Amino acid sequence: MPIFNIVIAGVGGQGVLMASKVLAESALAGGLDVKQNEVHGMAQRGGSVISFVRMGEKVASPVVMPGTADLLISFEPLEALRYLHYLKPGGRLVYNQVSINPSTVAAGLAVYPDDVEEQIAAACDNALGVDALAIAREAGNGKAVNMVMVGTVLKDLPVTEEVITEVVKQVSKEKGVEVNLRALAGGAAA
Amino acid sequence: MKKIISGNEAIALGFTDGGGVFASGYPGTPSTETLEEVARLGEVYCEWAANEKVALEAAIGGSIAGGRSLATMKHVGVNVAADPLMTLTYTGVNAGLILMVADDPGMHSSQNEQDSRHYARFAKIPMLDPADSQDAYDMVRTAFEISEQFDTPVMLRTTTRISHAKGVVVPREKITPQVGEWVKDVPKYVMLPNFGKIKHVEVEARLLKLQEYAETTPLNRVEMGDTELGIITSGVSYQHVREAFPNASVLKLGLVHPLPERKIREFAGSVKRLMVVEEMDAIFEEQIRAMGIAVEIGKNRLPLCGEINADLIRAALGDPVAEAAAPVEGLPQRPPVFCPSCAHRGLFTILSKLKTFVSGDIGCYTLGALPPMGAMHSVIDMGASISAAHGMARVNAIAGRDEKPVAVIGDSTFFHSGMTGLLSLAFNGGNALVIIMDNRATGMTGGQENPGTGKTLQGNPTRQVDMVPLVKALGIDNVVELNTYDLAATEAAIRKGLETPGPYVLIDRNPCVLRYKIRKPAMTVDQDKCTGCRACLKVACMALGLTASGEKPKVQVDPNVCNGCGVCRQMCKFDAMHEIEGENNANL
């Protein structure tokens, strides 16, 4: 089986790393080799965050090359556009339609483009936008956006839904299990 | 049991499983999680030191007393620890001693991009360079064995893509930690010149023995494949090589200093074209060329700056790389910012307004240099804010300029190496305004404990240093507390400090909102009162934004992001902002 490359993008504080952990643990539980890698540190809050998850029989490099991602999951529309070049031709993009202002926009130094979704649609014919915040709130907590986003790609992954659901149960805090499972299901139905 | 862990976590587990007894370090991305994981595992004593020099010195003490010891730091930390390191290389060890250093190619979170392999050559000690989490785990144990067998400290080097990349690790059988004898051995541990001279000879002899070891150790592994192309590499570059050329012959160096000359010669002779792939400096390549071996492809085709990846390696050989669309241009940047309601925001709003020269330091507050604040004008290394400001003030005085510089420094950085700068400032009758942002956290690296937080790395309560008497004891008479959430008071305090001749210290004691999980009711904007003047936007808060385009867009607050500090409200001349009663921020 060829290596399955996933890029997850978002804004520091949104739970990108937790989503990456669920995907990586699911790969291991599904009998695959896996490497996961992200850049953090200075980008702890409010900065652009990008994480790679690679799964397959044997994975060497922890880095996904531009033009090779099977799947791009973005927690924010502008970040989807920023990392779109990681997708391989025909690759799948799922993104959260709820935008978050970069500090440069908040300070009035830059303008958040008002045609991000149109640009995405023009550049990628395999894209799906979801209102992950609304789905997360419906599931019981606005913070569960990350589990909604995992839910949206359940059927795209080389691991079974049963394995992923089990991993979500294991990595969730006790209080959050039910909410996270509802968020996962909500994402899958989107 | 198999688990997915980062390189840092693997080193921590390797240390805990490998008979480790004592660990000390100073937080620094990408090394930080190593000691945090040792603490979380809860089996071995570990601590944060005030700085890297202290951490290494403590680990040396641990080794002399007979316990396997570890010091952790990032690459720039080794500059701080270089002093004890260069003598440690002479004394050698008692129980095994590892210096873990995390390099940051690509400068994801660092002020420079130095290659720590130079330090291993400089110090004439062995260095191991793991290629993934399993390697990192295994190499801790091997490093202890080498350390004890050859009586030498061992450097264990990682890079960001090893430290922070997660991979599968199968742990080995655990070694029960044992503390050996605490030996009194004056010629070994007292580096007086007469003993040092003998030791230098031993260091050179040890290096020759290590060279022999390098020839036979499985750490240096040949993977023969297609003999058209042979690649010598190490660390994460090995993974990129395997990705780019799965069939090539590879000499994977696990022990990267000293190099195995015979093995390299034999490998080079068995392939048609020799390529050396290494991130940052041409350390292997230069040594291999000095052996008289021709390197066809190396730094002539690969960059000295930034990270290596599989595409760069393929491109260096002229092979096609995956076609990717060009990144979309012209998008707004999304730099990291002060957290909503961070105490630094008020300070930099005022410093930006006053347009005074700000000598900065390493920490969250370094973000004050970015637009729209732009209120930090030099950042050199940990602790340099105060000492550099002193030098500036002296030269300003010589030049007849009366501008007094401001130095901004955090609590952890102050304890790291700001204290000595302040002592020197006081001693030399300097003229600078020093602002200590004491938020009781090592914020930038994730809020680690320090001598001002009242807790140790392992969560035990401890003495909490009191900043005001400490600063006074260093020789500063003018020490004034500051509340940076109050903009008018902050401006007045800074003006007073700038007008008063001589050293002047302001201390803000508002805690880190992220570390201490501080929640306040969110703000809202009365759209009828807002004139769209944008004065509030100068505070650079993620929670603020302009309403959808119109003739004159107005400001609105995202209640999911706002944490109600009220700094923006103080910028508003039209009284348009107020708290949302009874509502708490859910998203911080």
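User: What counts as a polar contact between the side chains of A:Ser51 and A:Gln36?

Analyst: A polar contact is a pair of N or O atoms within 3.5 Å; within protein, one atom must be able to donate a hydrogen and the other to accept it. This model is predicted. Here a polar contact of 3.1 Å joins the side chains of A:Ser51 and A:Gln36.

User: Where is A:Ser51 found, and is A:Ser51 buried or exposed?

Analyst: A:Ser51 is in strand S3 of chain A, residues 48-56. Now the cover. Buried means under 20% relative accessible area. A:Ser51 has 0% relative accessibility, so it counts as buried.

User: Now the surface. Which residues form the negative surface patch?

Analyst: Start with the idea. Asp and Glu count as negative. The patch consists of A:Asp114, A:Asp115, A:Glu117 and A:Glu118.

User: Take A:Asp114. Where is A:Asp114 found, and is A:Asp114 buried or exposed?

Analyst: Look in chain A, in the loop between helix H3 (103-106) and helix H4 (116-123). Exposed means over 50% relative accessible area. A:Asp114 counts as exposed because its relative accessibility is 73%.

User: On to chain B and the backbone. Which residues does a cis peptide bond join, with omega about 10°?

Analyst: Read the omega angle for the bond between two residues. The pair is B:Thr29 and B:Pro30. B:Pro30 has its place in the loop between strand S2 (20-25) and helix H2 (33-41) of chain B.

User: What is omega for the cis peptide bond that joins B:Pro371 and B:Pro372?

Analyst: About 5°. Of this pair, B:Pro372 is placed in the loop between strand S14 (358-359) and helix H15 (384-398) of chain B.

User: Next, phi. What is phi of B:Lys124?

Analyst: Phi of B:Lys124 is near 60°, a positive value in a residue other than glycine. Find B:Lys124 in the loop between helix H5 (117-123) and strand S6 (127-128) of chain B. With a relative accessible area of 28%, B:Lys124 is partly exposed.

User: How should I read B:Asp575: what is its phi, and where does B:Asp575 lie?

Analyst: Apply the reading to this residue. Phi is near 55°, a positive value, and B:Asp575 is a residue other than glycine. B:Asp575 lies in the loop between helix H19 (567-571) and strand S22 (577-584) of chain B. Its relative accessible area is 53%, so B:Asp575 is exposed.

Key:
Residues numbered from 1 in each chain as written. Chains lettered and ligands numbered in written order. Predicted model: local features only at pLDDT ≥ 70, side-chain atom pairs only at ≥ 80, totals over all residues. Heavy atoms only, no water. Patch = residues over 30% accessible without salt bridge, like charges linked within 9 Å, V, L, I, M, F, W, Y side chains within 5 Å. Areas by Shrake-Rupley, 256 points an atom, 1.4 Å probe, with all protein chains shown as cover. Salt bridge = Lys/Arg side-chain N within 4 Å of Asp/Glu carboxyl O. Charge placed at Lys NZ, Arg CZ, Asp CG, Glu CD. Helix = DSSP H or I, 4+ residues; strand = E, 2+ residues; numbered from the N terminus. Buried < 20%, exposed > 50% of the residue type's maximum accessible area, 1.4 Å probe, protein only.
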